[in-house]
Amino acid sequence: MKNLKAFSLMGIWTALIGFLLFSAQAHLHFREIVWALGLSIILLITHMINMLIYFKVAGNTPYKWFK
């Protein structure tokens, strides 16, 4: 159940970032170096926050070995 909650929050966060990037028309400027660097940093931060959300909500129980 924790995984579903974490994935839902991650989906909302990712959709929000995607909406903001689409609203800023970032998909039209990906060939410009400044935009490309900015977008890569934004996407990296988005991924890092997704990982943070997952581990805060779901914890590390999926990675524990059970006897």
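In the predicted model, Leu16, Phe19 and Leu20 form a nonpolar surface patch of about 300 Å². Leu16, one of the contributors to this patch, is located in helix H1, which covers residues 2-23. The relative accessibility of Leu16 is 41%, so this residue is classed as partly exposed. For the protein as a whole, the accessible surface amounts to about 5700 Å², and carbon and sulfur atoms account for 75% of that area. Of the 67 residues, 16% are counted as buried.

The secondary structure consists of 2 helices and 0 strands. Helix H1 comprises residues 2-23, and helix H2 comprises residues 33-58. Among the contacts with a sequence separation of 6 or more, 66% are made by residues 24 or more positions apart.

In soluble globular proteins, nonpolar side chains tend to be buried together. In the present model, the largest nonpolar core contains 5 residues, namely Ala6, Met10, Ile53, Tyr54 and Ala58. Both H1 and H2 supply at least two residues of this core, and the greatest contribution, 3 residues, is that of H2. Tyr54, a member of the core, has a relative accessible area of 10% and is therefore buried, the cut-off being under 20%.

Tyr54 also takes part in aromatic pairing. A pair of aromatic rings is described by the distance of the centres and the angle of the planes. A search of the whole structure returns 2 aromatic pairs. In the pair formed by Phe7 and Tyr54, the ring centres are 5.6 Å apart and the planes lie at 25 degrees; the pair is stacked because this angle falls under 30 degrees. Since Phe7 belongs to helix H1 and Tyr54 to helix H2, this pair ties together parts of the protein that are 47 residues apart in sequence. The rings of Tyr54 and Phe55 have a centre distance of 5.4 Å and a plane angle of 80 degrees; this pair is edge-to-face because the angle is over 60 degrees. Through these ring pairs, Phe7, Tyr54 and Phe55 are linked into a cluster.

When residues up to four places away in sequence are not counted, Asn50 touches Met10, Trp13 and Thr14. Of these contact partners, Met10 is also a member of the largest nonpolar core. The C-alpha atoms of Asn50 and Phe7 are separated by 8.8 Å in space, while the two residues are 43 residues apart in sequence. Phe7 is also the residue whose ring is stacked with that of Tyr54.

How values were computed
Residues are numbered from 1 along each chain as its sequence is written. This is a predicted model: local features need pLDDT of at least 70, side-chain atom pairs count only at pLDDT 80 or more; totals for chains, interfaces and linings use all residues. Side-chain values use heavy atoms; hydrogens and water are left out. Patches are made of residues with over 30% relative accessible area and no salt bridge: like charges are joined within 9 Å, nonpolar side chains (Val, Leu, Ile, Met, Phe, Trp, Tyr) within 5 Å. Accessible areas come from the Shrake-Rupley method with a 1.4 Å probe; for residues, only the protein chains shown count as cover. A salt bridge is a side-chain nitrogen of Lys or Arg within 4 Å of a carboxyl oxygen of Asp or Glu. Helices (H or I, at least four residues) and strands (E, at least two) are DSSP runs, numbered from the N terminus. Buried means under 20% relative accessible area, exposed over 50%, partly exposed in between (1.4 Å probe, protein chains only). Contact means heavy atoms within 4.5 Å. Rings of Phe, Tyr and Trp (its six-membered ring) pair if their centres lie within 6.5 Å; planes under 30 degrees apart count as stacked, over 60 as edge-to-face and the rest as tilted. A nonpolar core is a set of buried Ala, Val, Leu, Ile, Met, Phe, Trp, Tyr and Cys residues joined through side-chain atoms within 4.5 Å.
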